[in-house]
Structures are given as C-alpha cells and as structure tokens.
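Subject: Structure handover

Hello,

Here is the structure for you to look through. My notes on it follow below.

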Amino acid sequence: MDEKIRKQWESNAEVFSNLIDGEGTPHHRMILNPCVERLLGDVKGKQLLDAGCGEGYLARHYAKKGAIVTAIDLSERLIETSEQLTESEGINVDYRVDNVCYIESVPNEEFDLVLSNLVLLNIPCLGDAINEFYRVLKIGGVLVFSIVHPAFNFYGPGSWQMGEKDPETNRRMGIFFKVDRYFEEKEYERYWKTREGETFPEPISFFHRTLSTYINKLSEAGFRLLELAEPVPVEDDDFFDRERRVPFFAVFKAVKE
Ligand SMILES: C[S@@+](CC[C@H](N)C(=O)[O-])C[C@H]1O[C@@H](n2cnc3c(N)ncnc32)[C@H](O)[C@@H]1O
C-alpha cells in the first residue's frame, strides 16, 4: 500500500507542485491556512515538524516566521522540489524522505509542534500516524492537522447537487449538498486537475473516515483535543458561496499532556 501511494505522489509531484505554486490554491489561502495558523499560534523559536510537507510551502512559511522546521514526505521528488524552492528563498528547513506512519528519522519527544496539513485523509494507517505524532512531540507539545471535511467531502460520501453556472463567478451554483453512506469507511481513487483543467497523470487515494474515527484515534494515542475547527472563508467573496454553506475543511488541535 505504501508503495502504491508513494508512486502516485511521485508521478503527480510536478503537477501537484505547480497546482500549489508556492502558496496553495484559493481554497487553501482563503479558508484553510488562516485557521491552521491561528491554531498553531506563535511558532517563533519552536521546533516544528511538517509531516507530509508536499512541495514545502507551509514549511517555508513557518520557517520565515521563526520556527525551526523539519519537514518529511514520502515522495523523494517532492522533497527535492522543496529543497530547491527553500534554497532559492535563502531559508533553512531540514527535509527528509520519511513516512508519517513510522517516522524513522525522528527520535522521541523532539518537537513542540507537529503540523500535518491535508495528509491524514491520504494515508491508510491513520492510527499509526497519530501514534507517531504523539511519540515525536514533547510533553505539552501540540498537534495540528487538517483534512477535507469528511461529511461534506465530494471524494467520499457526498456531492453537491449542481445548478447553472454563475456568470459572475464562473462556478456552478450549489443547490444543496447530499450526503449518504457516511459510515462506510473506505478508499476512493480520484484524479485531480491542474489549474488549467488538465487531468493529473495518476489518481490519488483518499481514505474516507468519520469525524468520530479521527477524534477517537487522538484519544487512543493519548492526546487531548483542544479544538475542532470548521473554517469559513475569510472574505465575503461570492466565489465561495458553497463553502459558506457547508464546511470544506476540518482542522484539529490536540495536546500531548
Ligand atoms: C495533499 S498533499 C499535502 C501536502 C502539503 N502538506 C500541503 O499542504 O500542500 C499530501 C502529501 O502527503 C504525502 N504523503 C502521502 N502519504 C505519506 C506518508 N505515508 N508519509 C509521508 N508523506 C505522505 C504526499 O506525498 C503528499 O505530499
């Protein structure tokens, strides 16, 4: 399974990096990232692990804010891209090819903060990853992770009933969001599209799980949940009409006591 997922991200590494383009998509910038930043709090001088860093834009962002950042990813190509982008910006991040489900390169109780942004919905081994985050955090350390909201995720049990295209925003209007088979935890494969509408070379695996599964895995590992956030767009833009009606992301903050 690890090998299949590694191959997916290796094949998609270039198009994924282009999609992120050093700053994330509009959904990331206008909905998710401000929430993640609030939950992480002041990162200055803190040891931060970016677990599943992709092309590393958040690792670079938090390094610029004064965190001492280590970043891991399963994909060698994404780690190479991250290293190149980081070097060109003249900042320092320690990148490693490693697996969030058994993090070989990190000893126990090394970090004040673990950030895992949009990764846990792409891995089969949720409980192992959360146990690993617990292991590498110091006592009092904080885990922040985000996922696409499992109740309203169109890769999982739901989808929008779409209406006409809105001429103002060029997006199709949402009539209502329908959810079914929410309790069926299973893998879906989906092809992403580039900003230009081209299909990615390989599908990406998504693992649908209920919200209670995520919360219970945190408790089983020993974490205490501090906040579960369902962020709304930070600007009152018509483009995000659908995302103001049902949550697009869920973000968890938990502490190792
Ligand atoms: C949706 S991307 C998110 C990347 C980045 N965190 C961001 O916000 O742009 C998911 C990332 O998880 C990585 N990944 C998938 N399975 C992994 C695993 N078992 N260990 C480490 N990274 C993994 C992929 O290579 C990919 O970079």
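E83 sits in helix α4, residues 76-88. Helices here are DSSP runs of H or I with at least four residues, strands are E runs of at least two, and both are numbered from the N terminus.

Some ground rules. This is a predicted model: local features need pLDDT of at least 70, side-chain atom pairs count only at pLDDT 80 or more, and totals for chains, interfaces and linings use all residues. Numbering starts from 1 along each chain as its sequence is written, and side-chain values use heavy atoms, with hydrogens and water left out.

Back to E83. It is partly exposed, with a relative accessible area of 37%.

Next, helix α3, residues 57-64. The helix is mostly covered, with six of its eight residues buried. They are Y57, L58, A59, R60, Y62 and A63. G66 follows α3 and has a positive phi, near 105°.

Y57 also has a partner. Its side chain makes a polar contact with the side chain of N33, at 3.2 Å. (That is a pair of N or O atoms within 3.5 Å; within protein, one must be able to donate a hydrogen and the other to accept it, and residues adjacent in sequence count only if both atoms are side-chain atoms.) N33 lies in helix α2, residues 26-40. N33 counts as buried because its relative accessibility is 13%.

Two backbone angles to check. D21 is not a glycine, yet its phi is positive, about 50°. D21 is in the loop between α1 (2-20) and α2. E109 is not a glycine either, and its phi is also positive, about 50°. E109 is in the loop between β3 (93-97) and β4 (111-117). Most residues other than glycine have a negative phi.

Last, N153. This residue lies in the loop between β5 (137-148) and β6 (158-165). N153 is buried, at 7% relative accessibility.

Best wishes

Note on methods: Buried < 20%, exposed > 50% of the residue type's maximum accessible area, 1.4 Å probe, protein only.
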